[in-house]
2 protein chains.
Amino acid sequence: ALEGNDADLEKILNEYHASEIAILFEKLPQEAKEKIISILPADFASDVIAEMDEEHHPEEILINLDPEKRTEIVEELDDDVATDIIAQLDEDEQQEILSDLDHEDASNIRTLLSYAEDTAGGLMTTEITTVNIGMNKMEALDAVIKQSEEQEEFYTIFAVDDANILQGIVSLKNIIKARHDVMIRDLVVTEFVHVQADVDQEEVARLIQQYNINSIPVVDEHMKLLGRITVDDIIDVMQEENTEDILKISGVSEDEELSGSWQDAVKSRLPWLVINLGTAFLAASIIRSFDDTVKALPIMSAYMTIIAGMGGNAATQALAVTVRRISLSDLTDNQAYRTILKELLVGMINGASNGLIVLLVALFYDANPMLGLVLFLAMTGNLLIAGITGASIPLILKRVGIDPAVASSIIITTFTDCFGFLLPLWVASKLLL
Amino acid sequence: ALEGNDADLEKILNEYHASEIAILFEKLPQEAKEKIISILPADFASDVIAEMDEEHHPEEILINLDPEKRTEIVEELDDDVATDIIAQLDEDEQQEILSDLDHEDASNIRTLLSYAEDTAGGLMTTEITTVNIGMNKMEALDAVIKQSEEQEEFYTIFAVDDANILQGIVSLKNIIKARHDVMIRDLVVTEFVHVQADVDQEEVARLIQQYNINSIPVVDEHMKLLGRITVDDIIDVMQEENTEDILKISGVSEDEELSGSWQDAVKSRLPWLVINLGTAFLAASIIRSFDDTVKALPIMSAYMTIIAGMGGNAATQALAVTVRRISLSDLTDNQAYRTILKELLVGMINGASNGLIVLLVALFYDANPMLGLVLFLAMTGNLLIAGITGASIPLILKRVGIDPAVASSIIITTFTDCFGFLLPLWVASKLLL
């Protein structure tokens, strides 16, 4: 019965692209992932492992696999991908995996492991197509075809019917390798990723990244082939979107040209500053309403700026992590909920830690234990609020269709400023006056 | 004599890669750029135009060119690139350029112009290689070779000698197209971009982007071929570096995993918060030293938080623009100097604008013109300081070899906090007490 279930599971999994299973893996427990990888055929399993994000630790699946299966999978991996994964293990485990591989693969991976991860050496693959300058055309073509067996496919050609309706994709390698009488319809892969012309460029970038493809066909609603987008076009889009993210999160209009004129810069930034000034008046009005407290305890004036400022810093941290997560992938409700819970916890712990330092200063410098207690409570409270808002505001904005990068920081600063003044002044008015 | 000079100039320019001339263009006046483009042969000129950044307005060169030359250049451009450039012109100018083109090019570009710039349609090229599913192998290969004449090269193969020393690159297209007796050494391009294995991955990404290439060979110090890095490997690097930039600029350790545990998040963020707390005490000590001013004028307590906060916001804007500029390209001394000057000016104007609003509030709400003057001066001064530090601190850090993204914001916040308290309190103590 168990065998039968495995076969069923394999059949179901075969319907998916490796990158889709890799995404599914993010939500599965470790044993389930290991089970699935051990069921899948080695070439498909290696695709799934290759598609897994480093953050989700593909190396932990690998090290727990049956050694024979593991060797098959590692030998199917591109050597640069295998190296990145194996590099995460400790030396004994690396040795264990490498000793099972055939000599050439092991030696390639050993060489790649010797380069620092963030250098050209750590990034390259050694599986390259080379020809000798002394070859003639036919010798060179033979060499290319022979070497290409081992390699990623090189150039994707689109196969259409007489009405220019896209039927599938075929790699140039497979055309060159085919016997003379083979028809294109026999070579064509009919499952492929495609987009319609009105799809947003961020979505195109996400697809090209997710499926690790070099080009994507663009079609109309009847699957008529309109054009093609290649990975190098996507690079410029990504730099542009990333620049926009960094600018928006910092309150600069996404349209500001980095090397533009001062007039353009004023136009792009002044509106945001004026809105901020409005929210700053709101926060300041809280201080005004505690006029008596400030007069009686002028020292609060210095401490509350510290608490408000620290709230802003902690919120910025939570915001950056959350905005970046959102822009790299959509979060499920459950993931969103756990993100907020995590940031709440992080905010409370960081708040209590910094609160303790402020408490000690109030104790030894101002010799005022009650003031210390007030400040400890206010700091913990404000950083807890910073964590919750830093994570939840961008998630809420995203759900209601507002760009989280542009609107989040102003809302969050308003929260941390207001509570940064309100909490210490209110607690002080209760405990100290 | 003029003709002779043109020929000399062309000879000199021919030594450079198109992308290098495009970078040179950033520093040249408009007439010089137009002159150079008109001297260069159309295919090289079109490469230069294609490599120019949108920010440096290639369309302005195009529209001022002699129409015949312009038509030649536009027909050499890939249709998606031509479309992006032409889209920047107004309708009359677009019409002027399109009416000179041959019918097919004009119609392709008209179609592409009809898609929104940030969609799949706006991104795609219509110059694609297609085969009909009814073709056999040889028909398909013929079709590919015929269409490839018009297209970007498809797959780069590395040509080595017997000692595996890299001699040059050759495109698969050129091998397939060659006569049977042609030798690889006759097809090889001996000028090509390459990197050594220890080059930083950011530099690799910059080269692949700058030269718009699909792969780059990795060699040792004797030009022995070690491996290859492809553009799709670079995409992951770029996302990683961009995530790190956003995290670092927000005071989160670059190693924090976006979906990591709360323990990791505390470990990554708490140290930075504690450092910030130290600088916050520094700023707060300024308030303490003006204890008398705060006691006499408790209203200053509210206003100075506004001025310090606005300084922080303005500095964050200047910082984001500068950090992003630095991470996209190295700035010359002259560019760095002008960046600081620009941010100084922007800071002063935005400071005076916001200062005016605060002045009006002090005038009508607090009925205190002298308070208004104090606040106006302090706001202008603090945003001016915010502009200078926001631009100069990352530039200075970069020169001395410290990562500007990670260290800038803490230094800058310290400046804007300290001056945000010092300026209003000091000016108030002079003018109001």
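What follows is a short briefing on the sheets of this model.

This is a predicted model, in which local features need pLDDT of at least 70, side-chain atom pairs count only at pLDDT 80 or more, and totals for chains, interfaces and linings use all residues. Residues are numbered from 1 along each chain as its sequence is written, chains are lettered from A and ligands numbered from 1 in the order in which they are written, and side-chain values use heavy atoms, leaving out hydrogens and water.

- β1(A) runs parallel to β2 (residues 156-160) of chain B over 3 bridges, where pairing takes at least two DSSP bridges.
- A:Asn132 has B:Val160 as its bridge partner in β2(B).

**Pairing around β5 in chain B**
- β4 (residues 195-196) and β5 (residues 215-219) of chain B pair in parallel over 2 bridges, with B:Val195 partnered by B:Val218.
- β5(B) also pairs with β6(B), this time antiparallel, over 5 bridges.
- In β6(B), B:Gly227 partners B:Val218 and B:Thr230 partners B:Ser215.
- These two strands, β5(B) and β6(B), form a hairpin with 5 residues between them, and B:Met223 in the turn has a positive phi of about 65°.

**What's covered**
- For β5(B), 5 of its 5 residues are buried (under 20% relative accessible area, 1.4 Å probe, protein chains only).
- 5 of the 6 residues of β6 (residues 225-230) of chain B are buried, so the rest of the structure largely encloses this strand.

Definitions and conventions: Buried means under 20% relative accessible area, exposed over 50%, partly exposed in between (1.4 Å probe, protein chains only). Helices (H or I, at least four residues) and strands (E, at least two) are DSSP runs, numbered from the N terminus.
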